[in-house]
Amino acid sequence: MAYDRDNVFAKILRGELKCDKVYEDEHALAFRDINPLAPVHVLVIPKGEFVSMDDFSTNASPEQIAGLFRAVGEVARRLGLDGSGYRFLANTGAHGHQEVAHFHVHVFGGAPLGRMLSKIEAKT
Ligand code: AMP
């Protein structure tokens, strides 16, 4: 899948759309999700043009990969989640229910989050 430069996170990176920024460095930007699913719900995105986890893990440089993961940890610490705990996840592709085609990591926290998923059976 080719990267679409008109996706909403590309527009945020270019400053064409506003975001509620919580952190930025040379590799990553983090901002609050517009539709939060937990008391803290932040998105951490790489500054490079990557569609998904598949694209990122295949094509990003070691520095870009390290930068994104360090940013996730830094965001959690800055928001005070490191003591109480938190969850991070990246929806990928159709089965992952990825809606925005710019790779992003969700960071959730601020309350007990329950189990990861309800059990899902394979479709036959
Ligand atoms: P995903 O299903 O993993 O692709 O999640 C996309 C997330 O982006 C959703 O949680 C949306 O609420 C969030 N989102 C979409 N547009 C914006 C925006 N302009 N600012 C902040 N979050 C957004």
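Visitor: Which residues make the nonpolar surface patch of about 280 Å²?
Guide: Phe69, Tyr86 and Phe88 make this nonpolar patch. Patches are built from residues with over 30% relative accessible area and no salt bridge; like charges are joined within 9 Å, and nonpolar side chains (Val, Leu, Ile, Met, Phe, Trp, Tyr) within 5 Å. Accessible areas come from the Shrake-Rupley method with a 1.4 Å probe, and for residues only the protein chains shown count as cover. The model is predicted: local features need pLDDT of at least 70, side-chain atom pairs count only at pLDDT 80 or more, and totals for chains, interfaces and linings use all residues. Residues are numbered from 1 along each chain as its sequence is written, and side-chain values use heavy atoms, with hydrogens and water left out.

Visitor: Where is Phe88 placed?
Guide: Phe88 lies in strand 4. Helices (H or I, at least four residues) and strands (E, at least two) are DSSP runs, numbered from the N terminus.

Visitor: How exposed is Phe88?
Guide: Phe88 counts as partly exposed because its relative accessible area is 42%. Buried means under 20%, exposed over 50%, and partly exposed in between (1.4 Å probe, protein chains only).

Visitor: In what order do the strands of the sheet stand?
Guide: Five strands form an open sheet in the order 1-2-3-5-4, with antiparallel pairing. Two strands pair if DSSP finds at least two bridges between them. Strand 1 and strand 4 (86-89) are the edge strands, each pairing on one side only. On average, neighbouring strands of this sheet are turned by 20° against each other, direction ignored. For such angles, axes are lines fitted to C-alpha atoms, for helices over the stretch in contact, and angles run from 0 to 180 degrees between N-to-C directions.

Visitor: Which strands does helix 3 touch?
Guide: Helix 3 (residues 62-78) packs on the sheet and touches strand 1, strand 2, strand 3 (40-46), strand 4 and strand 5 (105-109). Contact here means heavy atoms within 4.5 Å. The direction of helix 3 makes about 155° with that of strand 3.

Visitor: Back to strand 1, how many bridges pair it with strand 2?
Guide: Strand 1 (residues 21-24) and strand 2 (residues 28-32) pair over three bridges in the antiparallel sense. The two strands form a hairpin, with three residues between them. Within this pairing, Lys21 stands opposite Phe31, and Glu24 has Leu29 as its bridge partner.

Visitor: Which side chain meets Glu24 in a salt bridge?
Guide: The side chain of Lys47 does, at 2.7 Å, N to O. This pair links distant parts of the chain, 23 residues apart: Lys47 is in the loop between strand 3 and helix 2 (53-59), and Glu24 is in strand 1. A salt bridge is a side-chain nitrogen of Lys or Arg within 4 Å of a carboxyl oxygen of Asp or Glu. Lys47 is partly exposed at 33% relative accessible area, and so is Glu24, at 39%.

Visitor: How many salt bridges does the structure hold?
Guide: The structure holds seven. Among them is the pair of Arg78 and Glu74, at 2.8 Å, N to O. Both residues lie in helix 3, four residues apart, about one turn of the helix. Arg78 is exposed, at 53% relative accessible area, whereas Glu74 is partly exposed, at 22%.
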